[in-house]
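Have a look at the fold before reading on.

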Amino acid sequence: LILTLISLSSWLDKNWRLSVFCLVTSTVVFRCDTLILLGPVGISMLVSKEVGFVDAVIWGILCGVVSLVATILFDSVFWRRWIWPEGEVLFFNTILNKSSEWGI
């Protein structure tokens, strides 16, 4: 929640880099659901010409890769195996369609 609040505050302050960084990090590390928030914020930034399309894509990919590497390295230490927790949740819920089995 704190990353999304910082992102929205940065967006209102016209600091697009921090806004995108926080939303992408939140999406990759904690909840893929924040992608729903990233869409309208990103489109608004593009429409208002606050940022160019190429700059936004490059920055978003860079932030995504850094966040993904950080979460894999950090979480793998605790789980004692290579893991991207949010990726496993996404796979389990959407690809395997087993979300009803959580907690069993």
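Is the crossing in which H2 passes H4 left-handed or right-handed? H2 passes H4 in a right-handed crossing; a crossing is right-handed if the near helix is turned clockwise from the far one by less than a right angle, and left-handed if anticlockwise.

A word on the ground rules: this is a predicted model, where local features need pLDDT of at least 70, side-chain atom pairs count only at pLDDT 80 or more, and totals for chains, interfaces and linings use all residues. Residues are numbered from 1 along each chain as its sequence is written, and side-chain values use heavy atoms, with hydrogens and water left out.

**Overall layout**

The chain has five helices and zero strands (DSSP runs numbered from the N terminus: H or I of at least four residues for helices, E of at least two for strands). Along the sequence, that reads as α-α-α-α-α. The C-alpha trace spans about 45 × 30 × 25 Å along its principal axes.

The table gives angles (0 to 180 degrees between N-to-C directions) and separations of axes, which are lines fitted to C-alpha atoms over the stretch in contact.

| Pair | Angle | Axes apart |
|---|---|---|
| H1 (residues 2-12) and H2 (residues 16-30) | about 160° | 7 Å |
| H2 and H3 (residues 35-47) | about 160° | 9 Å |
| H2 and H4 (residues 53-79) | about 40° | 9 Å |

The angle between H2 and H3 makes them roughly antiparallel, and their crossing is left-handed. (Angles under 35 degrees count as roughly parallel, over 145 as roughly antiparallel, 65 to 115 as roughly perpendicular and the rest as oblique.) Here Trp16, Ser19, Val20, Leu23, Val24 and Thr27 of H2 meet Leu35, Leu37, Leu38, Val41 and Met45 of H3, where contact means heavy atoms within 4.5 Å. By class, this contact has nine nonpolar, two polar and no charged residues (Ala, Val, Leu, Ile, Met, Phe, Trp, Tyr, Cys and Pro count as nonpolar, Asp, Glu, Lys and Arg as charged, and the others, Gly among them, as polar).

H1 also passes H2 in a left-handed crossing. On the H1 side, the contact includes Leu3, Ile6 and Trp11, and on the H2 side Leu18, Cys22 and Phe30 are among the partners.

H2 and H4 are oblique to each other. Their contact includes Trp16, Arg17 and Phe21 of H2, together with Asp55, Trp59 and Gly60 of H4. Its residues divide into ten nonpolar, five polar and two charged.

**A charge over a ring**

What does the charged end of Arg17 sit over? The answer is the ring of Trp59, 5.1 Å from its centre; the criterion is CZ of Arg or NZ of Lys within 6 Å of the ring centre and within 35 degrees of the ring normal.
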